[in-house]
Amino acid sequence: MKIAKNSHTNPTSIKTRFALRFLRAIDNLNNNNNISPPLNSADRRKRFRAIRTAAYASMASAVGPNKAWSRAMLRKIRNRTKEMIKPRTRRGAVRGSTNPRNELGLGQEKELRELVPGGEAMDFRRLLNETGHYIQCLRAQVQVMRKILHYSST
Amino acid sequence: MSSRRSRSKNSSGSSRITDDRINELISQLHQLLPEMHNSRSDKRSAGKVLQETCNYIRSLEREVDDLSERLSELLATTDENHAALIRSLLMQ
């Protein structure tokens, strides 16, 4: 499984790339909204969503186009900002037509395909591969976000 | 186990994946999961590993939600010093 070896030997690489992008995104959010702190819950919810989206977008962008999940993630985010009118109910849910292959005959495989961005269309081997990488990146993302939170609140 | 074998034999030509290969990938995935129980066993069934993987992904995404929420609250009370802090982190 081609999990990026450098995530072990050079653990800062993806984290650094993510951190830079994420911090820039937060900075932009700040500059656009620094007049009034969000007082009502709708504004707060909007800001929360913006930050969460920025986190996922920053990670997917830091990973680059060589992974199917990062491409799918960026595509989803771009499409979502285009259709603000129609909120999606379940992230990654595929409506109807495509029938996910059920390699092992297990329900968990279908579940996994819905969790991993772009998972619906992959063959099973690639799904496992992409899942591993996705998990590593999610973990890195969480660690960096924790650090930023920590440094920001002291 | 035999039913699994027959399924992979029946799967169409181009993406024939052997059981060994699947097992290898499943066990690699297993390595990534946090060790919740005392199990160092490699004997985890594929179904269990996939299930734990799904659970793990969901818990990571919940953490992202929580951290985003807290960052958002923090930024709501931001001031000049904070913006400077972020910029200085960017400078490194």
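What share of the contacts in chain A with a separation of 6 or more comes from residues 24 or more positions apart? The share is 58%. Contact here means heavy atoms within 4.5 Å. The structure is a predicted model, in which local features need pLDDT of at least 70, side-chain atom pairs count only at pLDDT 80 or more, and totals for chains, interfaces and linings use all residues. Residues are numbered from 1 along each chain as its sequence is written, chains are lettered from A and ligands numbered from 1 in the order in which they are written, and side-chain values use heavy atoms, with hydrogens and water left out.

Chain A is described first. Its secondary structure comes to 6 helices and 0 strands. Helices (H or I, at least four residues) and strands (E, at least two) are DSSP runs, numbered from the N terminus. Read from that end, the elements of chain A follow the order α-α-α-α-α-α. Chain A has 154 residues, and 44% of them are buried. Buried means under 20% relative accessible area, exposed means over 50%, and partly exposed lies in between (1.4 Å probe, protein chains only). The accessible surface of chain A is about 8,800 Å². Carbon and sulfur atoms hold 50% of that surface. These areas come from the Shrake-Rupley method with a 1.4 Å probe; for residues, only the protein chains shown count as cover.

A:Ala55 belongs to helix α3 of chain A. A:Ala55 counts as buried because its relative accessibility is 0%. Beyond its neighbours within four places in sequence, A:Ala55 is in contact with A:Phe18, A:Phe22, A:Gln141 and A:Met145. A:Leu138 is 83 residues from A:Ala55 along the chain, yet their C-alpha atoms are separated by 10.0 Å. The second residue, A:Arg113, lies in helix α5 of chain A. A:Arg113 is also buried, at 2% relative accessibility. A polar atom of the A:Arg113 side chain lies 2.6 Å from the backbone oxygen of A:Met122.

The interface comes next. The size of an interface is often given as the accessible area lost when the parts come together. Chain A and chain B bury about 4,600 Å² between them. Of this area, 71% is on carbon and sulfur atoms. Buried area is the accessible area (1.4 Å probe) that two parts lose on being put together, summed over both. Chain A gives 47 residues to the contact, and chain B gives 43 residues.

Polar pairs also cross the interface. There are 6 residue pairs in polar contact between chain A and chain B, both residues being at pLDDT 80 or more. A polar contact is a pair of N or O atoms within 3.5 Å; within protein, one must be able to donate a hydrogen and the other to accept it, and residues adjacent in sequence count only if both atoms are side-chain atoms. On the side of chain A that touches chain B, the elements giving two or more residues are α2 (12-33), α3 (41-63), α5 (107-115) and α6 (124-153). Helix α6(A) supplies the largest share, 19 residues. By class, this side of chain A has 25 nonpolar, 10 polar and 12 charged residues. Ala, Val, Leu, Ile, Met, Phe, Trp, Tyr, Cys and Pro count as nonpolar, Asp, Glu, Lys and Arg as charged, and the others, Gly among them, as polar.

Side chains of opposite charge can pair when their charged atoms come close. A salt bridge is a side-chain nitrogen of Lys or Arg within 4 Å of a carboxyl oxygen of Asp or Glu. By this rule there are 8 salt bridges over all chains. Across the interface of chain A and chain B, the rule finds 4. One of them joins B:Asp65 and A:Arg52, at 2.9 Å from N to O. In another salt bridge, B:Glu73 meets A:Arg44 at 4.0 Å, N to O. This pair joins two chains because B:Glu73 lies in helix α3 (residues 46-76) of chain B and A:Arg44 in helix α3 of chain A. B:Glu73 is partly exposed at 34%, and A:Arg44 is partly exposed at 33%.

Other salt bridges lie within chain B. B:Arg21 pairs with B:Glu24, the closest N and O atoms being 3.0 Å apart. These two are 3 residues apart in helix α2 (residues 19-32) of chain B, so about one helical turn separates them. B:Asp66 and B:Arg70 form a salt bridge at 3.1 Å, N to O. They are 4 residues apart in helix α3 of chain B, again about one helical turn. B:Asp66 is partly exposed at 39%, and B:Arg70 is partly exposed at 45%.
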